[in-house]
Amino acid sequence: MSVTDVEAPARRAAKPVRKPPRKPRPAPGSKRFSPLRVLGSTIVWLFTAGNVLVLYWLLTASFKTPVEIFTKPFDLPYQWFKNGKPFRNFIYAWNNAGFGDAVLTTVVLVGLATVVTVAVSAPCAYALTRLGVRGAGPMTNVVAIGMGVPFQTVIIPLFVVLSKIHLDNEYGLFVLYVALSIPFTVFLMTGFFRSLPDELEEAAALDGASPMRTFFSVMLPLTRGGMITALTLNAIGLWNETLLAIVFLKDQAHFTLSRALFTFYGAASYQSEYGGLIAGVAIVVLPMLVLYLVLARRIITGLTLGAGK
């Protein structure tokens with residue numbers, strides 16, 4: 001047997017096995033088909049279309065007569081424009097619901113409560129996240145738990161206590177607005193302060209800055225996006241708040257917009273002034289809707305930035 005005959009089986013055994021060809025990778029901009037993704041996108045678009053349809057109905061119905069609202073709910077308004085009174089429903093709602101005083105009360109109350117909430121919550125969030133306070137973790141958890149307690153469960157004790165100290169009015173409502181908004185705002189601001197690098201505080205300490213000066217001069221300006229987000233979300237929530245205003249506000253001259261609309265609902269329904277009632281709803285809803293649309297990109301950016309670390 002020759003050497004060639006001995007080496008031939010060894011060469012055949014050492015022959016490398018061919019690997020199956022790899023599947024081509026998808027292009028960088030392409031997305032794989034996913035039934036779950038399609039289902040989620042469909043739900044989101046249906047929800048968006050529903051909201052847009054409701055908004056369209058609200059805007060068009062606020063310019064219609066009661067007959068048009070029920071007989072032609074999705075048609076464009078015609079009768080009041082034909083009679084040369086396109087804003088008749090808004091004028092009726094403004095004059096009969098007392099929205100003039102309510103707008104002033106709501107702007108002052110919501111504006112002050114929002115600013116005070118952020119002014120109190122920002123230092124609290126900074127202390128819990130950056131100063132190494134003992135027990136900061138459990139205290140942050142307690143604040144987070146506070147967000148999950150529905151105020152409806154404590155509204156009766158609050159009313160009893162505030163009535164005894166004669167704060168069952170707009171001043172007591174201001175205190176409640178601030179107290180109920182602080183847990184969410186502190187929890188939101190902690191995310192922004194955690195996202196800031198430690199080197200900033202170290203550099204400020206080397207320059208001789210105290211913790212208070214570091215907070216006001218260095219850290220707080222860097223969380224401007226978080227403060228704008230907190231201000232906007234708190235303003236939207238307090239502007240639309242109704243239950244506390246119904247319980248604590250008795251003087252019609254100091255009604256908020258939502259409280260005045262609740263009172264106006266009974267009178268408008270009794271007189272079948274559904275166009276004026278819907279116009280009142282539009283007066284209450286549209287300012288915050290416009291504010292959200294203007295600041296939507298900044299709010300989303302702020303929320304994602306705060307959750308980045």
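Buried means under 20% relative accessible area, exposed means over 50%, and partly exposed is what falls in between (1.4 Å probe, protein chains only). The model is predicted, so local features need pLDDT of at least 70, side-chain atom pairs count only at pLDDT 80 or more, and totals for chains, interfaces and linings use all residues. Residues are numbered from 1 along each chain as its sequence is written, and side-chain values use heavy atoms, with hydrogens and water left out.

**Exercise 1. Sort out the overall make-up of the chain.**

Start with secondary structure: the protein chain has 15 helices and zero strands. Here helices (H or I, at least four residues) and strands (E, at least two) are DSSP runs, numbered from the N terminus. Next, burial: 33% of the 309 residues count as buried. Then the surface: the accessible area is about 19600 Å², and 69% of that belongs to carbon and sulfur atoms. Such areas come from the Shrake-Rupley method with a 1.4 Å probe; for residues, only the protein chains shown count as cover. Last, contacts (heavy atoms within 4.5 Å): among those between residues at least 6 apart in sequence, 73% join residues at least 24 apart.

**Exercise 2. Work through the salt bridges and say what each pair ties together.**

The cut-off is a side-chain nitrogen of Lys or Arg within 4 Å of a carboxyl oxygen of Asp or Glu. By that rule the structure holds four salt bridges.

- Glu273 and Arg88 meet at 2.8 Å, N to O. Glu273 is in the loop between H14 (257-270) and H15 (274-306) while Arg88 is in H5, so the pair ties together parts 185 residues apart in sequence. Glu273 is buried at 14%, whereas Arg88 is partly exposed at 23%.
- Arg130 and Asp198 meet at 3.0 Å, N to O. Arg130 is in H6 (99-130) and Asp198 in the loop between H9 (170-194) and H10 (199-206), so parts 68 residues apart in sequence are tied together. Arg130 is buried at 13%; Asp198 is partly exposed at 42%.
- Asp168 and Lys250 meet at 3.3 Å, N to O. Asp168 is in the loop between H8 (155-164) and H9, and Lys250 in the loop between H13 (243-248) and H14, so this pair links parts 82 residues apart in sequence. Asp168 is partly exposed at 24%, but Lys250 is exposed at 52%.
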